[in-house]
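Please read the following report alongside the sequence and the three-dimensional view. The text is meant to be checked residue by residue against both.

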Amino acid sequence: MTTLIPQPPGYPFFGNVFSLDKDVPALGFHRLVQEYGEIYQLNIIGRSVIFVSSHALVNELSDDTRFSKAISGPLKETRNLVHDGIFTAYNDEPNWNLAHRLLMPAFGASRIKDMLEDMREISNEIIKKWSKSTPGTKLDPTDDLTRVALDTIALCSMSYRLNSFVSETTPPFVRAMSDCLRECNSRANRPSIVQAWVSATNSQYHDDIRLMRDTAMDILEKRRRNPTDKKDMLNAMLNHKRSGMSLSDESVIDNLLTFLIAGHETTSGTMSFAIYYLLKHPQLLKKLRDEVDEVVGDQPAEVIDLNRMPFLHAVLRESMRLQPTAAIRVVNPIEDTTIGNGKYFVPKGAPIALLTWDAHRDVNVWGEDAEEFHPERMLDGKFDSLPPNAWQPFGYGMRSCIGRSFAWQEMCLVLASIVQHFDLALADPSYELQITQAITIKPKDFFITARPRHVQP
Ligand code: HEM
């Protein structure tokens with residue numbers, strides 16, 4: 001005998017739509033967790049979605065034999081741009097398998113090490129910009145780091161200089177990507193009857209898609225005309241013939257654009273949250289700086305240095321626990337099943353949203369101080385002995401993040417370089433963290449100042 005999943009009272013036709021937080025959905029779902037507990041269900045204009053938030057349920061649902069990644073909401077809309085690229089493909093689409101097998105080696109730790117110099121080239125730009133700013137200038141780390149992350153992926157994955165960081169004005173490609181992703185998000189929340197009426201928006205959306213795909217096609221054709229032996233993701237996809245695997249040009253473009261989408265705000269948001277927490281805990285910032293000074297000194301950090309800074313890793317892990325930038329992921333049961341040790345029935349295909357943001361604060365795993373920032377809980381073997389699936393900012397299983405090593409190396413390099421070069425402070429010392437959410441979460445209205453120390457990039 002199963003139990004009904006709790007559901008807040010709703011309204012005819014609209015269901016529970018008024019329980020949603022349109023600005024920061026993750027926080028709206030969090031408020032409902034506090035009211036309804038580890039599992040609840042919402043009816044959103046006729047569509048039922050189940051939400052789970054405890055570690056126990058997230059752990060049970062982290063099982064590729066019973067649950068598959070759902071492509072719904074903004075992710076489904078993003079298919080208008082990148083079709084069955086590796087991030088947005090349904091599990092059974094052949095191009096996912098093909099791209100996954102081709103790209104796994106290109107995203108492996110040894111290949112990522114070779115990308116350090118390209119990463120450094122871009123990360124030096126933020127150091128130079130902040131060094132040149134007049135003392136006391138209010139800096140927007142989230143925006144600057146987003147540009148750094150975007151330029152880094154473009155350079156490392158396809159040797160293309162997007163120049164979003166150094167340009168005075170926003171380059172057309174970067175503007176198109178940002179507008180297109182915002183529109184994917186809006187489309188996911190817009191009733192289909194309204195969609196047809198926003199014709200100017202639709203036409204701009206399709207123009208943006210065309211601009212991005214044409215740019216990626218140019219990059220691909222240039223690479224064909226001027227082959228290099230660079231071990232980047234573009235070559236991994238183009239030089240596949242030897243292994244008998246073949247991706248069409250359309251699929252190569254789908255995946256190049258996918259890396260830019262999947263990898264920029266996730267990475268920059270994480271670094272921004274880490275900077276916020278460090279500024280709120282000056283003793284931890286000092287501890288990190290001492291580690292950077294001891295391991296890296298005034299030299300450029302090498303891969304070996306990045307691997308010798310356990311406190312830096314702990315700071316990033318703890319920031320990703322409290323603020324996993326991909327705060328929610330959605331799965332579907334492969335068959336009719338029950339969850340919660342047989343307590344709740346869930347039908348095949350039902351969307352189940354895993355609230356990573358809440359599961360990462362489960363007191364049963366993290367203790368009564370789960371809401372607090374304590375990098376120490378990730379040190380001295382404690383991270384490795386966490387219960388399975390307690391820390392899941394990169395997702396789970398076969399559809400987990402392929403860019404994890406890439407992001408990790410980039411975040412370690414950029415954060416270490418910032419701490420190495422600057423005395424940081426909150427522009428407004430009374431600032432308390434606010435969050436904004438498009439597809440990912442990031443800090444809102446977060447500004448800092450940066451005073452150069454005496455190390456040159
Ligand atoms: C801190 C940075 C990052 C975070 C927190 C993050 C998080 C995630 C998460 C949670 C997923 C699974 C999504 C789901 O189950 O629906 C995912 C998948 C993915 N990520 Fe990341 N990501 C990061 C950086 C990157 C970077 C830098 C790249 C590429 C350069 C990247 C490429 C991808 C791709 C291609 C997938 C889809 C894999 C598949 O479905 O087979 N990510 N990421």
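Predicted model: local features only at pLDDT ≥ 70, side-chain atom pairs only at ≥ 80, totals over all residues.

Residues are numbered from 1 along each chain as its sequence is written, and side-chain values use heavy atoms, with hydrogens and water left out.

UniProt, in an unreviewed entry, lists Cys401 under "binding site"; UniProt positions are given in the numbering used here, feature names are shortened, and annotations may be inferred rather than shown by experiment. Cys401 is placed in the loop between helix H17 (363–366) and helix H18 (404–421), where helices (H or I, at least four residues) and strands (E, at least two) are DSSP runs numbered from the N terminus. Its relative accessibility is 35%, so Cys401 counts as partly exposed, given that buried means under 20% relative accessible area, exposed over 50%, and partly exposed in between (1.4 Å probe, protein chains only).

Which residues of helix H3 are buried? In this helix, which covers residues 73–82, they are Leu75, Thr78, Arg79, Leu81 and Val82. Because these residues cover an arc of only 155 degrees around the axis, they are on the same side of H3; the arc is that of the directions from the helix axis to the C-beta atoms. An α-helix has 3.6 residues a turn, so residues three or four places apart point the same way.

The buried residues of H3 pack against strand S3 (67–69), helix H8 (172–189), helix H10 (199–225) and helix H12 (249–280). Towards H12, the residues Thr78, Leu81 and Val82 of H3 meet Asp254, Leu257, Thr258 and Ile261, contact being defined as heavy atoms within 4.5 Å. The axes of H3 and H12 come within 10 Å and cross at roughly 135 degrees, which means that H3 is oblique to H12. Axes are lines fitted to C-alpha atoms, for helices over the stretch in contact, and angles run from 0 to 180 degrees between N-to-C directions; angles under 35 degrees count as roughly parallel, over 145 as roughly antiparallel, 65 to 115 as roughly perpendicular and the rest as oblique.

H12 also packs with helix H15 (residues 310–322), at an angle of about 105 degrees and with the axes 9 Å apart, so H12 and H15 are roughly perpendicular to each other. In this pairing, Thr270, Phe273, Ala274, Tyr277 and Leu278 of H12 meet Val315, Leu316, Ser319, Met320 and Leu322 of H15.

## Buried loop residues

| Residue | Relative accessible area |
|---|---|
| Ile71 | 7%, buried |
| Leu139 | 6%, buried |
| Pro351 | 13%, buried |

Ile71 is in the loop between S3 and H3. Leaving aside neighbours within four places in sequence, Ile71 is in contact with Lys76, Arg79, Phe87, Thr88, Ala89 and Tyr90. The C-alpha atoms of Ile71 and Val330 are 7.7 Å apart, although 259 residues separate the two in sequence.

Leu139 lies in the loop between helix H6 (116–132) and helix H7 (141–158), and, not counting residues up to four places away in sequence, Leu139 touches Trp130, Ser133, Phe446, Phe447, Ile448 and Ala450.

Pro351, found in the loop between S6 and strand S7 (352–355), is in contact with Arg47, Ser48, Val49, Ile50, Val330, Val331 and Asn332, neighbours within four places in sequence being left aside.

## Positive phi angles

Asn341, which is not a glycine, has a positive phi of about 55 degrees; Asn341 is in the loop between strand S5 (337–339) and strand S6 (344–346) and is exposed, with a relative accessible area of 80%. Asp380, also a residue other than glycine, has a positive phi near 55 degrees, and Asp380 is found in the loop between H17 and H18, exposed at a relative accessible area of 72%.
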